[in-house]
Amino acid sequence: MAQEDGSDAYDVIVVGAGFGGLYALYKLREQGLRVRVLEAGAGVGGTWYWNRYPGARCDVPSVEYSYSFSRELEQEWNWTEVMAGQPEILSYLNHVADRFDLRRDIQLETRVAQARFDEADCCWFVLTTSGEELKARFCVMATGCLSAPNTPDIPGKADFAGAVYHTGAWPHEDVDFTGLRVGVVGTGSSGVQAIPVLAQSAAQLTVFQRTPNYTVPAGNRPLADADRDRAKAAYEIIRARERESYAGIIFGFGGHALVLPTERILETSPEQRRAALDEDAFGALRRYSDIQSDPRANELACEMYREMLRRIVDDPDVAERLSPRGYPLGCKRPVIDTDYLPTFNRENVTLVDLRRGEIERITPSGVQTAQGYFGLDVLIWATGFDAMTGTLLRIDVRGRRNLGLDRAWAEGPRSYLGLQTHGFPNFFTLTGPMSPSVLSNMVVSIEQHVDWIAGCIRYLDEHELATIEATAEAEAAWIEHVQKLAQGTMWVSPSCNSWYLGTNIPGKPRVFMPYVGGVGTYRKHCDRVAAQGYEGFVLG
Ligand code: NAP
């Protein structure tokens, strides 16, 4: 497509129009660059466009899970709940798209099939599934970390005759479950949010649970006018502190005040731990500093969690089935819920603990497990995503000498700073593997990456340079640094399986993908690299 100046190339192609793609478009366009955003969905919003299952909600406080780049936007937008639900976040992102006139550069319903680097021309050719080819100097992959839905390969899954849904690709019209027998497979964040809502309308809800999760109530509530006003007045301080913080959050997950744990659980007696549960069942686990680093401390915390659960769930056998065992607290992504555990006290809810007999096959009318058959009208996969690498690898990305990203990442993702992979010049991964991304408030990390990439492109243009590429040495050193930081934590414990490690996808290499050093430290690394003339990159 010809540009206004007659050239047929863009400066930047951005793939994805979620939080990342929208801000990338705003920022890079402000810088005078010609930008085109390609988005597979029929609307903007990314994660919040696709994940519209009942109960979908963010677990980071909304005043923090929002853009900081515009003071006006911060002051205009009024969040109504402490942690906004999916519809409110989606309308925020649509407002942003309109407010900053972003839509004119976004091409919806456009899925990217291939991105290929042309060495002679020093540019990227991006091919869409409908056969359109676009050319740009830079590619920014704002494709999200949790955007490639995973439906497990269970025998007979295509045979089910009733309605089938995936939480990560939910229909856009309302789905009515009244009077139906609904089955949900999966009890991660999505399942845990959907289950209490589904239980209210389904005639019978059957939950197929492979691994019970450690989950605590979100304590969500309407955002009081006074609290909203206070946040608006303090935004400058809030944002500054988020940027220097560990997770890009200062109010804490679930809106709980962030308290620095000061006690050591190993130094407590059983009576003291019981008293802590009596005082504040859900806050109890947040007061100990040794849970993440010491397996014995962790097991005590796990037992506290199971005790808390037994106090809520009426039937002791159901409580036992819901009890996580054999893997540490803190290995998987924290799960925050609304009425999850009490839902299992309802008459119309059945919990199938797959540790007692796995799913053998899906039949046209239900699920056959080793512990019996469950008839269903509706089957919901709440089985997560091929996280962090899945969406990138579903695109045929080809760098120098036709190197495929799938080959470069055959033994796990390789990246310098989570921003670029050796062999793929001018190709940036927003919140990519080996950056804090999923361990942080995504919006804080997205803004940091976009600002860094925008600064990098400005630097190249000012110095009349055409390309930037991570060196193999810098990449290897960064990967080693990332892996070393994670050593000894519960995230990489041998008994841990999680999408952070890729172990939820059969055959995916077991590699811990996020950077655990915290967003503040990470930002300093990135700033230092830029200040030193993009150390670790070759500029050409
Ligand atoms: P998930 O955490 O990966 O959970 C998937 C669930 O499906 C797990 O319980 C998993 O069991 C189960 N499963 C997978 N394959 C299975 C199989 N073959 N048979 C039976 N069960 C199977 O995915 P998610 O719940 O969609 O959440 C993914 C991430 O998205 C979250 O961790 C979070 O980062 C984000 N998210 C956030 C929110 C929020 O802000 N509150 C809400 C939703 C999602 P195993 O544990 O045994 O693998």
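Visitor: Which residue in β9 stands opposite V185?
Guide: F208 does, facing V185 from strand β9. Do keep in mind that this model is predicted.

Visitor: What makes β8 and β9 a pair of strands?
Guide: Two strands pair if at least two bridges are found between them. Strand β8 (residues 181-185) and strand β9 (residues 204-209) have five bridges, in the parallel sense, so they count as paired.

Visitor: Where do β8 and β9 sit in their sheet?
Guide: The order is β7-β16-β8-β9-β12, an open sheet of five strands with parallel pairing.

Visitor: Why are β7 and β12 called edge strands?
Guide: Both β7 (163-166) and β12 (349-353) pair on one side only.

Visitor: What makes you say that helix α5 packs on the sheet?
Guide: Contact means heavy atoms within 4.5 Å, and α5 (residues 189-201) touches β8, β9, β12 and β16 (378-381). The direction of α5 makes about 160° with that of β9.

Visitor: How do you know whether T431 is buried or exposed?
Guide: Buried means under 20% relative accessible area. T431 has 5% relative accessibility, so T431 counts as buried. Its contacts, leaving out residues up to four places away in sequence, are C145, S437, M442, S445, I446 and H449.

Visitor: Why are the buried residues of α8 placed on the same side of the helix?
Guide: Helix α8 (residues 270-279) has R273, A276 and L277 as its buried residues. They span an arc of only 100° around the axis, and therefore lie on the same side of α8. E271, D278 and E279 are exposed on the other side of α8.

Conventions
Residues are numbered from 1 along each chain as its sequence is written. This is a predicted model: local features need pLDDT of at least 70, side-chain atom pairs count only at pLDDT 80 or more; totals for chains, interfaces and linings use all residues. Side-chain values use heavy atoms; hydrogens and water are left out. Buried means under 20% relative accessible area, exposed over 50%, partly exposed in between (1.4 Å probe, protein chains only). Helices (H or I, at least four residues) and strands (E, at least two) are DSSP runs, numbered from the N terminus. Axes are lines fitted to C-alpha atoms, for helices over the stretch in contact, and angles run from 0 to 180 degrees between N-to-C directions. The arc is that of the directions from the helix axis to the C-beta atoms.
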